[in-house]
Amino acid sequence: MSDAPKTLYTANVHVTGGREGAARSSDGRLDIHLSTPGTAGQGTNPEQLFAAGWSACFEGAMAIAAKNRGLTLPQDAAIDAEVGLLYGEDGYSLAARLNVSLPGVDPDVARQIIEMAHRTCPYSKAIKGNIDAIVVLA
């Protein structure tokens, strides 16, 4: 008998117009205009959305990793994310980097928390082996 994963949440977003369009979630909590990176458009872009999503998820994974060690993340923990849109011989791709700040946490302990979070964060799992990604203690 296997324990199939249980769906905890499903996001539903409707997008029209691609990079120059709009995105709206089924519950209305997300309602944004989209713009191609580097243009004068007024919207955000998928790379910014990915950076925000991965960072938020990763910080949650760090909180769980810290809790498993009997610790609490500092209130001023922060992540600066970089997501690059690349173009090469095989077309478009992404590269990403998370610069993690854990003020007041011993650097060795902080690295252990980051490593555990990188193994358990759903976004980190999704991109593993698919894009160039790095997570570092800033």
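This briefing walks through the fold, the surface and the charge pairs of the protein shown above. The model is predicted, so local features need pLDDT of at least 70 and side-chain atom pairs count only at pLDDT 80 or more, while totals for chains, interfaces and linings use all residues. Residues are numbered from 1 along each chain as its sequence is written, and side-chain values use heavy atoms, with hydrogens and water left out.

**Overall build**

- You can find 3 helices and 6 strands in this protein; here helices (H or I, at least four residues) and strands (E, at least two) are DSSP runs, numbered from the N terminus.
- Starting at the N terminus, the order of elements is β-β-β-α-β-β-α-α-β.
- Taken along the principal axes, the box filled by the C-alpha atoms is roughly 45 × 40 × 35 Å.
- Of the contacts between residues at least 6 apart in sequence, 48% join residues at least 24 apart; a contact means heavy atoms within 4.5 Å.

**Inside and outside**

- The protein has 138 residues, and 28% of them are buried.
- Buried means under 20% relative accessible area, exposed means over 50%, and partly exposed is in between (1.4 Å probe, protein chains only).
- Accessible areas come from the Shrake-Rupley method with a 1.4 Å probe, and for residues only the protein chains shown count as cover.

**A nonpolar patch and a neighbour**

- Val13, Val15 and Leu30 make up a nonpolar surface patch, and together they have about 220 Å² of accessible area.
- Such patches are made of residues with over 30% relative accessible area and no salt bridge; like charges are joined within 9 Å, and nonpolar side chains (Val, Leu, Ile, Met, Phe, Trp, Tyr) within 5 Å.
- Val13 sits in strand β1, which covers residues 13-16, and Val13 is partly exposed at 44% relative accessible area.
- Ser25 belongs to strand β2 and is buried, with a relative accessible area of 11%.
- Leaving aside residues up to four places away in sequence, Ser25 touches Asn12, Val13 and Leu30.

**Charges and salt bridges**

- There are 11 positive and 15 negative side chains, and the centres of the two sets lie 9 Å apart. Lys and Arg count as positive and Asp and Glu as negative, while His and the chain ends are not counted. The place of a charge is taken as NZ of Lys, CZ of Arg, CG of Asp or CD of Glu.
- Side chains of opposite charge can pair when their charged atoms come close.
- A salt bridge is a side-chain nitrogen of Lys or Arg within 4 Å of a carboxyl oxygen of Asp or Glu, and the count by this rule is 3.
- Glu47 and Arg19 form a salt bridge, with their closest N and O atoms 2.6 Å apart. Glu47 is in helix α1 (residues 46-68) and Arg19 is in the loop between β1 and β2 (22-25), so this pair ties together parts that are 28 residues apart in sequence. Glu47 is buried at 8% relative accessibility, whereas Arg19 is partly exposed at 30%.
- Arg24 and Asp31 meet in a salt bridge, at 4.0 Å from N to O. Arg24 is partly exposed, with 42% relative accessibility, and Asp31 is exposed, with 52% relative accessible area.
- Asp108 pairs with Arg111 in a salt bridge, the closest N and O atoms being 3.6 Å apart. Asp108 and Arg111 are separated by about one helical turn because they are 3 residues apart in helix α2 (residues 107-120). Asp108 is exposed at 51% relative accessible area, and Arg111 is partly exposed at 41%.
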